[in-house]
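Student: Let us go through this protein together. Please show the sequence and the structure.

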Amino acid sequence: MWKKFFSSIGIGSVKVDTILHDKKAALGEMIKGDVLICGGQTDEPIQKINLLLYLQYEEVRKDSDFSWHDKHIDELTIVVNRHIKAGEKDRIPFTMKIPADGPKTGEKHKWFLQTTVLINQSVDPTDEDELMIV
């Protein structure tokens with residue numbers, strides 16, 4: 001009983017790690033990788049995995065106290081709908097295209113891929129990886 005409770009609040013629950021085959025890509029290229037899901041202390045139902053490609057850019061705005069802002073670029077959803085067993089490891093491959101029209105990585109532009117595993121009635125584990133767009 002306690003293991004299920006602790007898993008639901010994120011203690012001993014599913015972990016996620018996105019492994020990119022290459023962290024460097026050119027505009028218009030495909031990025032490839034694997035989402036590694038590691039089961040926690042109890043079996044948990046995984047609905048889907050969301051991969052969000054976003055751009056962080058620096059811009060001073062009068063309507064914001066922050067100089068860095070995020071811009072949603074693309075999103076990929078992988079439907080899983082299965083239970084991951086306690087201690088189980090699963091690798092799910094993915095590919096995603098970098099848009100052809102965007103800024104390259106530099107002092108004022110940074111690219112990220114954020115991975116979220118959606119689990120019913122639980123804290124959703126996330127991972128974030130920086131990309132170098134050349």
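**Burial, core and contacts**

Tutor: Of the 134 residues of the protein, 37% count as buried; buried means under 20% relative accessible area, exposed over 50%, and partly exposed in between, with a 1.4 Å probe and protein chains only. The model is predicted: local features need pLDDT of at least 70, side-chain atom pairs count only at pLDDT 80 or more, and totals for chains, interfaces and linings use all residues. Residues are numbered from 1 along each chain as its sequence is written, and side-chain values use heavy atoms, with hydrogens and water left out.

Student: In what order do the elements run from the N terminus on?

Tutor: Helices (H or I, at least four residues) and strands (E, at least two) are DSSP runs, numbered from the N terminus. The protein has one helix and eight strands. The order is α-β-β-β-β-β-β-β-β.

Student: Which element gives the most to the largest nonpolar core?

Tutor: A nonpolar core is a set of buried Ala, Val, Leu, Ile, Met, Phe, Trp, Tyr and Cys residues joined through side-chain atoms within 4.5 Å. The largest one has 25 residues, and Ile-37, Ile-49, Leu-113 and Leu-131 have the most contacts inside it. Strands E1 (15-20), E3 (30-38), E4, E5, E6 (89-97), E7 and E8 (126-133) each supply at least two of its residues. With five residues, the top contributor to this core is E4.

Student: How many aromatic pairs are there, and are the planes stacked or edge-to-face?

Tutor: Rings of Phe, Tyr and Trp (its six-membered ring) pair if their centres lie within 6.5 Å; planes under 30 degrees apart count as stacked, over 60 as edge-to-face and the rest as tilted. By this rule the count is one aromatic pair. The ring centres of Tyr-54 and Phe-112 are 5.4 Å apart and their planes lie at 20°, so the pair is stacked.

Student: Where in the chain do Tyr-54 and Phe-112 lie, and how many residues apart?

Tutor: Both Tyr-54 and Phe-112 are buried. Tyr-54 is in strand E4 (residues 44-58) and Phe-112 in strand E7 (residues 109-119), so the pair links distant parts of the chain.

Tutor: A charge sits over a ring if NZ of Lys or CZ of Arg is within 6 Å of the ring centre and within 35 degrees of the ring normal. The charged end of Lys-110 is 5.1 Å from the centre of the ring in question. That ring belongs to Trp-68.

Student: Is His-69 buried or exposed?

Tutor: His-69 lies in strand E5 (residues 68-84). Contact means heavy atoms within 4.5 Å. Leaving aside neighbours within four places in sequence, His-69 is in contact with residues including Leu-55, Tyr-57 and Arg-61. Its relative accessibility is 10%, so His-69 counts as buried.

Student: Which side chain does Asn-50 join in a polar contact?

Tutor: Asn-50 lies in strand E4 and is buried, with a relative accessible area of 16%. A polar contact is a pair of N or O atoms within 3.5 Å; within protein, one must be able to donate a hydrogen and the other to accept it, and residues adjacent in sequence count only if both atoms are side-chain atoms. At 2.9 Å, the partner side chain is that of Thr-77.

Student: What is the phi of Asn-81?

Tutor: Asn-81 lies in strand E5 and is exposed, with a relative accessible area of 59%. Most residues other than glycine have a negative phi. Asn-81 is not a glycine, yet its phi is positive, at about 45°.
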